[in-house]
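The sequence and structure are shown first.

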Amino acid sequence: MSEKRPTSEETYLDLLNGGDMRARMASFDWAATPLGPRSEWPASLRYAVEIMLSSRYPMLVWWGPELIQLYNDAYMPVLGQRHPWGLGQPAAICWEDSWPFVGALADAVMIQGLSTWSEQLEMVMTRNGFPEEVYFTVSCSPIRDETGAIAGLFCACTEETERVLADRRLSALAALGERTASAKTIEDACDAAVGVLRSVPRDLPFALLYRLDEARKSARLSGHCGFDPSGAAAQIVLDVGAGAPWPFSSVLSDGQAVIVDELPASLCAFHSAWPEPTRRAIVLPLAHSGREGVAGFLIAGLSPRLVFGKSYRTFLDLLARQVATALGAARACEEELRREVAMELQASRELQRIGTELEPEPGQNGLYTGLLDATINVMHADAASVQLFEEDGRTLRLLASRNFHSDSEAFWKYVDAGSASACGLALQANARIIIEDVEAAARIAETGDLAAFRRSGLRAVQSTPLISRSGRRLGMISTHWRLPHRPEPGDFPLFDVLARQIADLIERTRTEAALRESEERQRLMVELVPALLWSVSPDGQEISFNERWLTFTGQTKEEARNFGWLRAIHADDRPGTRAAFEHAFASGEPLERRHRIHKAGDGWRWHLVRHVPLRDETGAIVRWFGAAVDIHEGTLAEQALREAEARLQTLVEGIPQLVWRAVDDGRWTWSSPQWTNFTGQHEAESLERGWLDALHPDDRAAAEEAWTHAMATGGFEVEYRVFKASADTYRWFQTRATPVRNEAGAIIEWLGTSTDIHDLRELQGRQQVLVAELQHRTRNLVGVIQSLADRTLRNSADLADFQTRFRGRLTSLARVQGLLSRLNDYDRVTFDELIQAEMDAIDGGPDKVTLSGPIGIRLRSSTVQTLAMGLHELATNAVKYGAIAQPGGHLSIRWRFDPGGDGGKPWLHIDWRESGVATPPVGDAPRGGGLGRELIERALPYQLSARTSYVLGPDGVHCTISLPVSATAVEEAPHA
């Protein structure tokens, strides 16, 4: 019986063993995908899938135009929560979140046929329920089908996330150790630590560094990064009890870190390297260095794009441990510094005590011997000496000594700097040399110094080089003992202070000697210069002049001393000169000024004075030098020029016009202060064609056009609007310019003025409006009077009754005009009196008119006239055709006050509504049109910034008007 032969499908997958993905792919419904049944897969796809499934390296295959995805067991961790859903899915759908990166790689392979390699490619994957920061090294190659065309993509990848994160965190830990190593104070250590924490925002979105006080009751914020420290959870000082915003008490109780899983909303707003907010944090203890307990806390925000696993936790623990170590080291440095300061303070007190006991001998040597006595006292020695390092660089010369035998003092008068003596050895090594017992020192035994020690009864010596503050070797100070002795380290702080005083004394002595020599040379040079010269001591008390000063002023040397030279300065200039020199002496700043100096027999002459300091290598002033140069004629010429310019400036600035100068076709070379004050432009901004920026955009073309004709016509005149900065508006100006010509008649410059004509133009426009308004109001007024007469006549019983009624209504109409005449008064017109006056004028009684609204709404002065015209037009139409004219008609006028209208300013809202009005008969005047409607719909919005509506309905006119009013308070009582 022959054995059954397997099908090709079974040969491909079913007969192979091992692998979860092999089993999944065998049971997967491939017929439902673009790949079709497995039996129809091309050989190239089968071979690629077999290679992938047989490998323990993470691999996947994307096949076909849709890039259908297949992957092996090793690739399942890469997919995370996408497995097993990702099997058979199009790659663009499976990797939607990272497709901007991955899709580009796929295009390079599928379209261009390239084999790619990307090392540590950063991607964002959602494989654990949140967008995750991941890194991969990816190799992609094309898969060709039997025809040679690219049909798919083969990808092998290695996840590098842990290695990238480890390298990043290791670098941060190394930087933390390096930057905090040099910290000498806890504050420096905290600043250095926070600087490193700030450099890893992907691992630490934010960090807070708190230190406990000695009582362990409160914690003080010592550093932070990644957030605004003004929140309650980041206060400078926090109580560590149960009410603290962080679990400090829990960390203190067991010394273990605590994770805060849900941060308050205020903390979630901390800055982050990612779009997602930081929602978790960990509070880590900072251990005491060298003892048990907690010294503080490190609060670290946890990245929203990283899994908080073992490696992340280890990094944070190491970070906290290293910060704690740095703080401990800094604390030790501070304690050591406090001890040193205490020692120096004690040393200073001791030196002060010793200094009060010193009674130095007169002269320089007395100072040295007095200091040597103090040195012997400080070092508990029996003898001491000071030696000077000579300029030849080969010899130490004895300056002073105490308690030497006279023969020993003569022997040590000069010592070879290269000898094997204690001072010679110290000089060669440039360091302190101590010989505990000269009898046991082999080098001393080979020199004549041993006999000198014996003659003075000395057995031990220490020699310390004297170094200037600039680092130059000056000499040597030595102390000696009669018995073998080695000084303790604590003996030297006081001694070194005395050594510094002796070095400074030597340095000062040398400097003074060199200065005296230099001054003599300078004195000779000064006498040769034909200017008024002087030199002054640093404090200004001791001054010397050259002979030219004395000859010029007629003063003697005695008269010029102690600021007596000021008497040679003009009385008007003397106070300023003295103040300037005193300021120079106090501040060390050079001086330059002008003042008048008296010339004997020739009056006062102007001089330019310069006064500068001479400094030593340390920057200290050792002498002042000055010179005065005669500038009398030049100064008089400058004064005359300034006076002429001042007169011209006063003339120009007194003109109310804006003045300017220009060349060519309108390029300004100067503008007056009036232009700057008016437009807000600086003079530099107005030069060239910058002045055009201050013109209204609609007028700039006209201005430039006028300039094109100016050169030909020899005249420039144009009107345009100029921006007024203080009012934030434009005003009309009339601008004229006159050419300045040279001898040949050519124009070399234009002088121009701009005159404000804005008010004139407005008055002209207002005059035209008022004339038109007068004509229109006259016509309306006649119409109203005629209508009133007709209606009064119809309702009057007899002629006397007519006279009484008609006179009252004319009086009411006059009141409206009286209200309009108050526009220029300081008092404001209120809306209720305006509308009441208008209604009284048209006989708007309660049977025909209803008024409803608050009283006392004060109208702006600029509003009354136009608003009254609008209301008058509405009232006129109502009298002629509308609710007042018709028997069944009624007029309702309601208004309200809105204190917080547009822009936060008060507004008045008016509602004018007619009812019971029949359609006008044919031939009557059209209602709602003409000047009245145009006034309401166009003039009110334009002039008063009002919002209006005007609707002529079948029942009558409905009009609304809303406009800004005065900000003064409205009375609460409503209009009845």
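In this predicted model, T635 touches R594 and W606, not counting residues up to four places away in sequence. T635 is part of helix 21, which covers residues 632–654. Its side chain also reaches the backbone oxygen of I631, at 2.7 Å. Is T635 buried or exposed? The relative accessible area of T635 is 3%, and the cut-off for a buried residue is under 20%, so T635 is buried.

Two packed helices are described by the angle between their axes and the distance between the axes. The table gives these values for two helix pairs.

| Helix pair | Angle | Axis distance |
|---|---|---|
| Helix 7 (residues 161–181) and helix 8 (residues 186–198) | about 155 degrees | 9 Å |
| Helix 2 (residues 20–27) and helix 3 (residues 43–53) | roughly 145 degrees | within 10 Å |

Helix 7 and helix 8 pack at about 155 degrees. Because angles over 145 degrees count as roughly antiparallel, helix 7 is roughly antiparallel to helix 8. The crossing of helix 7 with helix 8 is right-handed. Helix 7 contributes A172, A175, L176, R179 and T180 to the contact, while helix 8 contributes A189, A192, A193, G195 and V196. By class, this contact of helix 7 with helix 8 has 7 nonpolar, 2 polar and 1 charged residues.

For the other pair, the axes of helix 2 and helix 3 cross at roughly 145 degrees. The contact involves M21, R22 and M25 from helix 2, together with V49, E50, M52 and L53 from helix 3. The residues of this contact of helix 2 with helix 3 comprise 5 nonpolar, no polar and 2 charged.

Methods
Residues are numbered from 1 along each chain as its sequence is written. This is a predicted model: local features need pLDDT of at least 70, side-chain atom pairs count only at pLDDT 80 or more; totals for chains, interfaces and linings use all residues. Side-chain values use heavy atoms; hydrogens and water are left out. Axes are lines fitted to C-alpha atoms, for helices over the stretch in contact, and angles run from 0 to 180 degrees between N-to-C directions. Helices (H or I, at least four residues) and strands (E, at least two) are DSSP runs, numbered from the N terminus. Angles under 35 degrees count as roughly parallel, over 145 as roughly antiparallel, 65 to 115 as roughly perpendicular and the rest as oblique. A crossing is left-handed if the near helix is turned anticlockwise from the far one by less than a right angle, and right-handed if clockwise. Contact means heavy atoms within 4.5 Å. Ala, Val, Leu, Ile, Met, Phe, Trp, Tyr, Cys and Pro count as nonpolar, Asp, Glu, Lys and Arg as charged, and the others, Gly among them, as polar. Buried means under 20% relative accessible area, exposed over 50%, partly exposed in between (1.4 Å probe, protein chains only). A polar contact is a pair of N or O atoms within 3.5 Å; within protein, one must be able to donate a hydrogen and the other to accept it, and residues adjacent in sequence count only if both atoms are side-chain atoms.
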